[in-house]
Amino acid sequence: MATTHLWHNARLATLADDTGWGLVEHGALLVQDDRLLWVGALDDMPAALRAQAGAQHDLGGALVTPGLVDCHTHLVYGGQRAGEFEMRLQGLDYAEIARSGGGIRSTVAATRACGDAELLAGARRRAQVLMAEGVTTLEIKSGYGLSLLDESRCLSIARQLGAELPLTVRTTYLGAHAIPPEFDGRADDYITAVCAWMPALHAAGLVDAVDAFCENIGFSPAQTRRVFVAARALGLPVKLHAEQLSDQDGAALAAEFGALSCDHLEYLSDAGVDAMRVAGTVAVLLPGAYYFLRETQLPPVAELRAQQVPIALASDHNPGSSPGLSLLLMANMACTLFRMTPLEAVLGITAHGARALGLTDRGRLVAGLRADFAVWDLEHPNELAYWFGHNPCRRVVAGGIERTA
């Protein structure tokens, strides 16, 4: 027997398309099981549909938006790197810290030293902070294990979070994140290992997509191509950490493989923008990392906008370059630092974030889509990118079910 709920007396920001907020006054959402059966003004709802409603929920005129989507996180890890934050403030840059044995490698050591229960508990706490602010879908990358055993552990923990929490979790295999100590000086051999581990991880049901760090302190385009070829052989979509610190032509390479997204993109060229446009690849901007690393090279927002490349935003939560846990703060940073509009920013953490994960069933309040939505103590959706430092989220419904504390 289908369960139908009516949520009414709301101001809806449907984001039904990219042209505006899609505001609906005196709005209502008719939810059947985990889907939106009807969306619009309550007075416009057909009587036959309204008669199907079981439980009714008066939202008191509150603002309702789609549930938020955090499409780029590194949520499973051990330890923290506050010491490196201090080192950067004393003059060392991100690349210098990485070359001296810090950076990703220090988190790899801490992660390998953690037991599964400790890793799960830490990731759960972080996920719950994001969830409290309206996040209903998030991606979790591996990349802090860098061995078959430890990459498997991290991906398994990400899967467990999705099973235990009222949250959709998409997993991304990022074995090509850094070179572990046991492969020092043997980057090509390590890429061979990353590709060799992929089938087993995929067969275990742990991988939704494959990513790589294509950068002068990461992996070359040729090495990245090998990872993408292995992913393609398994039918797995790809994503890429691209053009964060330099232009490696990674975005064009990723677009060649039909990448879901390219992420960071501060040094993205016009040719890279064009390649992404042709491929339909989403640009994921990460203002938290830009801010935390005190970068000065802005991503080419105007060019992405002009070429109609969809722009998503994400927290990039990780212990080294973006330890923030507020997707709303990222929306504010995108407006203040990148000069995005509030509408662009909110689309970036809803519809475009979902698209960056290959999910077309969420991110908008449209009949037939998944019933993921957030209720806000706000008057207008532009306030989602305006306020920061507090959480205005009042209630969250994920898959048609209201979350409880």
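The largest cavity in this predicted model is lined by 13 residues, and those nearest its centre are His 74, Tyr 94, His 177, Asn 318 and Ser 321. Its volume comes to about 110 Å³. By class, the lining of this cavity comprises 7 polar, 4 nonpolar and 2 charged residues. A search of the whole structure for cavities of 30 Å³ or more returns 1.

I turn now to the pockets. The lining of the largest pocket divides into 10 nonpolar, 6 charged and 3 polar residues. Which helices each supply at least two residues of this lining? They are helix H12, at 301-306, helix H14, at 342-348, and helix H15, at 351-356.

Finally, the sheet. Seven strands form an open sheet with mixed pairing, in the order E3-E2-E1-E4-E13-E14-E15. At its edges stand strand E3 (35-41) and strand E15 (401-402), each of which pairs on one side only. As a general point, the strands of a sheet pair through backbone hydrogen bonds, in either a parallel or an antiparallel arrangement. In what sense do strand E13 and strand E14 pair? Strand E13, residues 373-376, and strand E14, residues 393-398, are antiparallel, with 4 bridges between them. Within this pairing, Val 375 has Arg 395 of E14 as its bridge partner.

Definitions and conventions:
Residues numbered from 1 in each chain as written. Predicted model: local features only at pLDDT ≥ 70, side-chain atom pairs only at ≥ 80, totals over all residues. Heavy atoms only, no water. Pairing = 2+ DSSP bridges. Nonpolar A, V, L, I, M, F, W, Y, C, P; charged D, E, K, R; others polar. 1 Å grid on protein atoms, 1.4 Å probe; cavity = no way out; pocket = protein on both sides within 12 Å on 5 of 7 lines; lining within 4 Å. Points joined across faces, edges and corners; volume = space filled by probe spheres on them.
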